[in-house]
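This report covers a disulfide and the strands around it. The sequence and model are shown first.

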Amino acid sequence: MTTPDGATPAPGSLPPATPGTGDDDYSATVLASHWVQLPEPESDPGTGSAPEPAPPLVAGTVAVPDDGTVLRFGPGVTAAPTRHPRPTPPTPVPPPPPRRRLRRHALPALVLVAAVLFLFWREHTTSTVGVREVSVAVARKLQGCDTTAAVVGVVRTDGRPGTLSYRWVRSDGTSSAVGHAAVARGQRRVRLQLLWTFRGPGRHEAVAELRVLSPERRSAEVRFVYDCS
């Protein structure tokens, strides 16, 4: 290149090329970080014609399925990561309503109440007294002349009310009539007494037996000596 005066300018003094001034093949584009510049296609040597121009690039998005991010391309557009929605926390299960809890505990409560009522009914409607133990004792084991021996029988019960039927049987071959003793509720001891009188000289080994006839049969006896010699 020569100047109008025919001189050749120095290489460093050449003016810079200005876009759009005489160079039809030059274009300037500001690319984002994800642009890839493709090589310009060469002309086909066989035909000598230039290839068809590439279609213009359109700004848009490209989804990358590997890492879930989205790449944006186009002039002045930067890539932005896709925000994934936070997982929704599980909804807590509400406690059962009070009515359901009451129904669950109603059956055991009814069974307990029924058992208590049955025991109360049996305790207060059964009039038969229960006999636990029968014992007989005498104040003195040795009786003197013309004395009366006081024989005491004790019947232990279970505290229920009722009536005892009993009889005294003596070793001289005699027995008393059937006696009856009323037992009040809560009374657990019933005292039954036999007065046996001895007259005249002699010696006699006496045996006094208490027989409970009802509500169940129980018996006990005591031995003592009458000595008048």
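Is strand 5 mostly covered or mostly uncovered, and how many of its ten residues are buried? Strand 5 is mostly covered, with seven of its ten residues buried. Buried means under 20% relative accessible area, exposed over 50%, and partly exposed in between (1.4 Å probe, protein chains only).

## Basis of the model

This is a predicted model, in which local features need pLDDT of at least 70 and side-chain atom pairs count only at pLDDT 80 or more, while totals for chains, interfaces and linings use all residues. Residues are numbered from 1 along each chain as its sequence is written, and side-chain values use heavy atoms, with hydrogens and water left out.

## The disulfide

The structure holds one disulfide (a pair of cysteine sulfur atoms within 2.5 Å). Cys145 is joined to Cys228, with an S to S distance of 1.8 Å. Cys145 lies in the loop between strand 4 (142-143) and strand 5 (148-157) and Cys228 in strand 10 (residues 218-228), so the bond ties together parts that are 83 residues apart in sequence. Strands (E, at least two residues) are DSSP runs, numbered from the N terminus.

The torsion about the S-S bond is about 105°, so this disulfide is right-handed. Cys145 is partly exposed because its relative accessibility is 40%; Cys228, at 11%, counts as buried.

## Pairing of strand 5

Strands pair if DSSP finds at least two bridges between them. Strand 5 runs antiparallel to strand 3 (residues 131-138), with seven bridges joining them. Val131 stands opposite Thr157 of strand 5.

Strand 5 is also joined to strand 8 (residues 189-197) by nine bridges, again antiparallel. Thr148 has Thr197 in strand 8 as its bridge partner.

Conventions: Helix = DSSP H or I, 4+ residues; strand = E, 2+ residues; numbered from the N terminus.
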